[in-house]
Amino acid sequence: MQKKLSNLPFKGTPEQEAQLMAFIEENKHDKSRLMAVMQEAQEIYGYLPMEVQQIIADGMGVPLEKVFGVATFYAQFSLSPKGEYNISVCLGTACYVKGAQKIIDTISQQLEIGVDECTSDGKFSLQACRCIGACGLGPVLTVNDEVYGKLTETDIPDIIAKYHV
């Protein structure tokens, strides 16, 4: 799965940047600490937008392409912010053969976002994931920590409505 850059404008604060810069300062003399710096940046911002990747590249003295390559290679890094309600649809084999793609398509259509995107109000984000370990309930999705199983497309509007408060 190819990661997408965020469709929302970056909203970092001076405090977040100062926190990241302090961590970079502690680590900039050791290029092998790049992953640790990126992990800290994601902890601070919640994701790694291009603006943050540029700060890391400049601060660590590495090309932006290197930071971007690491961010897109490792599943732990996200290029898009997570919504208040992060919807994750399982695309593991059991869920996929039971119609998980239709579930993603329905959510995507209803929220007007694609996979790895966030609604413009920051309320919902959509992710596809591999097996979440609930194969007998497939297709399965989670909204934050709440699990929904044995889904059909007709279940989606009610699930989304539950969080549209």
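In helix H3, Met 50, Gln 53, Gln 54, Ile 56 and Ala 57 meet Leu 64, Val 67, Phe 68 and Ala 71 of helix H4, where contact means heavy atoms within 4.5 Å and helices (H or I, at least four residues) and strands (E, at least two) are DSSP runs numbered from the N terminus. The model is predicted, so that local features need pLDDT of at least 70 and side-chain atom pairs count only at pLDDT 80 or more, while totals for chains, interfaces and linings use all residues. Residues are numbered from 1 along each chain as its sequence is written, and side-chain values use heavy atoms, with hydrogens and water left out.

By class, the contact of H3 with H4 comprises seven nonpolar, two polar and no charged residues; here Ala, Val, Leu, Ile, Met, Phe, Trp, Tyr, Cys and Pro count as nonpolar, Asp, Glu, Lys and Arg as charged, and the others, Gly among them, as polar. The axes of H3 (residues 50-60) and H4 (residues 64-73) come within 8 Å and cross at roughly 125 degrees, the axes being lines fitted to C-alpha atoms over the stretch in contact, with angles running from 0 to 180 degrees between N-to-C directions. H3 and H4 are therefore oblique to each other, as angles under 35 degrees count as roughly parallel, over 145 as roughly antiparallel, 65 to 115 as roughly perpendicular and the rest as oblique.

The buried residues of H3 are Val 52, Gln 53, Ile 55, Ile 56, Ala 57, Gly 59 and Met 60, buried meaning under 20% relative accessible area, exposed over 50% and partly exposed in between (1.4 Å probe, protein chains only). Helix H1 (14-27), helix H2 (34-45) and H4 are among the elements that cover these buried residues. H3 is followed by Gly 61, which has a positive phi near 70 degrees.
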